[in-house]
Amino acid sequence: MDQVEKVIDEKKQGKPLLTEQKEGNSKKLFIESYGCQMNMNDSEIVAAILAEQGFNTTGDINEADLVLVNTCSIREKAEQTVRNRLQKYNHAKKHNPKMKVGVLGCMAERLKAKFLEEEKIVDLVVGPDAYRDLPNLVEEVEAGRDAVNVILSKEETYADVSPVRLNSNGVSAFVSITRGCDNMCTFCVVPFTRGRERSRDPQSIIEEIRSMHDQNFKEITLLGQNVDSYLWYGGGLKKDFHKASEMAQATAVNFAQLLDMCATEFPKMRFRFSTSNPQDMTLDVIHIMAKHKNICKYIHLPIQSGSNTMLKAMNRLHTREEYLELIENIYKIVPEMNLSQDMIAGFCGETEQDHQDTLDLMEKVKYSFGFMFAYSERPGTLAAKKMEDDIPLAVKKRRLQEIINLQQEHSLYRAKEHVGKVQEVLIEGTSKKSENEWKGRNTQNTVVVFPKEHYKIGDFVNVKIEDCTSTTLKGTAVGYSENN
Ligand code: SAH
Ligand code: F3S
């Protein structure tokens with residue numbers, strides 16, 4: 001596994017997710033999640049739905065009545081990880097023959113009933129839009145029958161389900177605002193596994209944040225495959241917006257307006273969002289970020305490649321020049337903004353010159369962070385159907401390593417920019433390296449560690465940054481911030 005992918009995997013990959021136990025619930029649910037933040041949030045929704053059906057979560061697979069794994073299809077490696085987990089479940093089943101096994105998420109959607117044939121251990125297959133049907137499906141499985149629901153929906157946003165916060169630090173939480181993606185990047189399986197784009201009622205988003213606020217959460221990340229495309233016009237698919245009534249169109253809420261609403265309504269909470277697609281990002285959003293101190297000055301702005309030929313082949317609907325212009329405009333409005341990227345090395349037909357264009361673009365932007373991958377062909381995508389996966393693995397890996405090495409230089413460069421400044425940090429927990437130090441993040445999403453003193457989790461603290469590595473800032477607290 002390449003270095004950066006390993007870091008991401010370790011951070012995200014499943015630990016059994018645990019929640020508060022609900023009195024009277026006698027059945028045990030073991031649930032783990034792989035892949036993106038939205039999967040983590042979906043598992044919280046699933047746990048909430050199943051809590052109503054008598055299930056409490058457990059961290060011990062050997063006592064579970066139901067084992068669920070929320071899966072990712074984004075790269076072949078992600079799917080292999082899940083297959084390996086299923087082998088482990090096979091082992092557990094020998095000790096715990098009553099346990100039933102269900103597969104959720106993108107692999108469920110991609111493989112559908114084939115899963116039941118390919119993996120004998122699997123009893124239940126449920127796609128990302130069908131979690132509301134889980135009570136019925138689980139009943140089927142308990143009666144000894146296999147159950148499958150992978151129907152994608154035009155409407156489903158789980159707006160009325162309050163997710164139970166799993167493994168939560170009690171400080172930061174995710175709130176999903178859009179589901180699905182209409183962008184059809186040629187390499188990407190997400191439009192097939194998560195369906196068409198639809199947005200969630202802003203009122204239900206505000207209410208969910210209010211409940212988080214009342215439980216003392218301090219930071220919310222608004223989630224979507226493509227948050228800048230958020231558009232609420234009373235429900236329905238984004239692509240059907242033009243069919244809505246004049247009234248519905250005139251009163252529609254876009255992403256900039258939603259951000260404005262959230263930041264205004266909860267001035268003591270911090271807001272983040274992910275992911276932004278450059279072609280859908282508007283400067284209105286940047287102006288709203290500039291207007292509110294409590295919207296974090298950080299944008300994850302994937303580009304995938306610095307070459308116009310590759311961007312076109314990938315069906316990314318902008319050029320390298322338009323992307324650089326967007327960034328220039330972002331800095332004009334919010335000079336302290338930090339940016340991160342996703343890059344794919346070795347996409348179909350990528351020449352050495354295309355790769356150099358990627359390195360050159362990185363030099364121009366100098367991102368603070370990056371998530372970098374070797375291209376992995378996904379069945380069913382346009383690239384798999386129409387283009388040849390023609391870059392040898394060794395070349396993909398070499399190019400990826402060059403991208404990773406350059407990113408590490410830039411991460412250090414950006415980290416050094418913080419040294420000497422006093423920055424507001426929200427304390428999220430104890431530093432992994434030292435019991436005596438807190439860990440939190442500044443507004444730009446860079447991790448900061450500092451001695452604990454009398455501060456506690458959830459405090460907003462001003463920290464003088466004294467030193468750094470490429471991934472972590474080190475400092476000393478100088479007092480509570482005004483936000484505290
Ligand atoms: N909009 C989404 C993107 C999901 S995929 C979001 O919310 O983040 C995350 C990243 O995985 C993409 O930006 C891309 O860099 C990478 N990726 C997607 N498909 C891939 C593939 N077939 N091979 C390698 N990397 C891929
Ligand atoms: Fe995938 Fe492109 Fe959407 S990367 S999630 S199709 S924006």
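How many nonpolar, polar and charged residues does the shell around ligand 2 have? I looked this up as my opening entry, keeping in mind that the model is predicted. I counted by class and found seven nonpolar, three polar and one charged.

**Around ligand 2.** I then noted who the neighbours are. Ligand 2 is surrounded by Cys-181, Asn-183, Met-184, Cys-185, Phe-187, Cys-188, Val-190, Pro-191, Gln-225, Asn-277 and Arg-316.

**Two helices.** Next I turned to helix 2, residues 37-51, and helix 6, residues 134-142. Their axes are 10 Å apart, and I read a packing angle of about 65°. Angles of 65 to 115 degrees count as roughly perpendicular, and helix 2 and helix 6 are therefore roughly perpendicular to each other. I also wrote down that their crossing is right-handed. Helix 2 brings Val-46, Ile-49 and Leu-50 to the contact, while helix 6 brings Leu-134, Pro-135 and Val-138. I sorted the residues of this contact by class: six are nonpolar, with no polar and no charged ones.

**One strand pair.** I looked into strand 18 (residues 437-441) and strand 19 (residues 447-451), which run antiparallel and are joined by five bridges. Here I saw Trp-438 standing opposite Phe-450 of strand 19.

Key
Residues numbered from 1 in each chain as written. Chains lettered and ligands numbered in written order. Predicted model: local features only at pLDDT ≥ 70, side-chain atom pairs only at ≥ 80, totals over all residues. Heavy atoms only, no water. Axes fitted to C-alpha atoms, helices over the stretch in contact; angles between N-to-C directions. Helix = DSSP H or I, 4+ residues; strand = E, 2+ residues; numbered from the N terminus. Parallel < 35°, antiparallel > 145°, perpendicular 65-115°, else oblique. Left-handed = near helix turned anticlockwise from the far one by under 90°. Contact = heavy atoms within 4.5 Å. Nonpolar A, V, L, I, M, F, W, Y, C, P; charged D, E, K, R; others polar. Near = heavy atom within 4 Å. Pairing = 2+ DSSP bridges.
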